[in-house]
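Please keep the sequence and the model open while reading the points.

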Amino acid sequence: MQLSDAASCANHYSFEEITDGLKVQQAYRITDELFSAFAQLFGDYSPIHVDAEYARQAGFDGRVVHGAILNGVLSHFCGMIFPGRASHLLSVDLRYLKPTYVGEEIELRVTVAQKVESLKAIVLKVEFFNITREMTVCNGRVQVALRNE
């Protein structure tokens, strides 16, 4: 698939059809392939991420997923799912509360917290809920601008 073909598959919500309180969610699985691709692409081979024994000695249950992978999930969500292709991130403020491990399934839960008419932007309350362990692992706020199409 060409990049332009993939972009045409993105959802599109206009600023006008988005309402305060609107909730949207999407599940993602953190696969070993995704994890490995991230490490290769950015060269982050910190032992807490790639050495399960080291991570366990540091008090974790196994290799800890890079927080930036969750940022990538958020980027995918905003650009492809909601609000979609006519959007771009203005700011991201995330708090990593609990580790996520390779193989786990997470659900990104987003609520429209505010519409900013003057900027044609929305503020989203975000929660990364770990379905595998039934807990919130990350939360925060994101500001997204929308372009007219």
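The numbered points below go from the overall layout to individual residues.

1. Basis of the note. This is a predicted model, in which local features need pLDDT of at least 70, side-chain atom pairs count only at pLDDT 80 or more, and totals for chains, interfaces and linings use all residues. Residues are numbered from 1 along each chain as its sequence is written, and side-chain values use heavy atoms, with hydrogens and water left out.

2. Overall layout. The chain has 5 helices and 5 strands; helices (H or I, at least four residues) and strands (E, at least two) are DSSP runs, numbered from the N terminus. Their order from the N terminus is α-β-α-α-α-α-β-β-β-β. The C-alpha trace spans about 50 × 35 × 20 Å along its principal axes.

3. Of the 149 residues, 36% are buried; buried means under 20% relative accessible area, exposed over 50%, and partly exposed in between, with a 1.4 Å probe and protein chains only. Contact means heavy atoms within 4.5 Å. Among contacts between residues at least 6 apart in sequence, 70% join residues at least 24 apart.

4. Strand 4 and its partners. Strand 4 (residues 121–130) is largely enclosed by the rest of the structure, because 8 of its 10 residues are buried. Strand 4 pairs in the antiparallel sense with strand 3 (residues 105–116) over 10 bridges, and with strand 5 (residues 135–146), again antiparallel, over 10 bridges. Two strands are said to pair if DSSP finds at least two bridges between them. Val110 faces Val126 of strand 4 across the pairing, while Lys125 stands opposite Arg141 in strand 5.

5. The two hairpins. The hairpin of strand 3 and strand 4 has 4 residues between the strands, and Lys120 there takes a positive phi near 50°. The hairpin of strand 4 and strand 5 has 4 residues between them, with Glu134 in the turn at a positive phi of about 50°.

6. Asn130. This residue of strand 4 deserves a separate look: Asn130 is buried, with a relative accessible area of 0%. The side chains of Asn130 and Glu104 are joined by a polar contact of 2.6 Å, and the Asn130 side chain also reaches the backbone nitrogen of Thr132 at 3.0 Å. A polar contact is a pair of N or O atoms within 3.5 Å; within protein, one must be able to donate a hydrogen and the other to accept it, and residues adjacent in sequence count only if both atoms are side-chain atoms. Leaving aside neighbours within four places in sequence, Asn130 touches residues including Thr100, Ile106 and Val137.

7. Helix 5. With 15 residues (67–81), helix 5 reaches 20 Å from its first C-alpha to its last, close to the 21 Å expected; the expected span is 1.5 Å times one less than the number of residues. Its buried residues include Ile69, Val73 and Phe77. Strand 1 (23–29), helix 2 and strand 2 (87–96) are among the elements that cover the buried residues of helix 5.

8. The largest nonpolar core. Which of its 30 residues touch the most other members? They are Phe77, Phe82, Leu108, Leu124 and Phe128. Helix 5 gives the largest share of this core, 7 residues. A nonpolar core is a set of buried Ala, Val, Leu, Ile, Met, Phe, Trp, Tyr and Cys residues joined through side-chain atoms within 4.5 Å.

9. Aromatic pairs. The count comes to 2; rings of Phe, Tyr and Trp (its six-membered ring) pair if their centres lie within 6.5 Å, with planes under 30 degrees apart counted as stacked, over 60 as edge-to-face and the rest as tilted. The Tyr13 and Phe82 rings form an edge-to-face pair, because their centres are 4.8 Å apart and their planes at 75°. Tyr13 lies in the loop between helix 1 (3–7) and strand 1 and Phe82 in the loop between helix 5 and strand 2, so the pair ties together parts 69 residues apart in sequence. Tyr13 is partly exposed at 27% relative accessibility, whereas Phe82 is buried at 0%.

10. The pair in helix 2. The rings of Phe38 and Phe42 are tilted, with centres 5.0 Å apart and planes at 40°. These two residues lie 4 apart in helix 2, so about one helical turn separates Phe38 and Phe42. Phe38 is buried, with a relative accessible area of 14%, but Phe42 is exposed at 57%.
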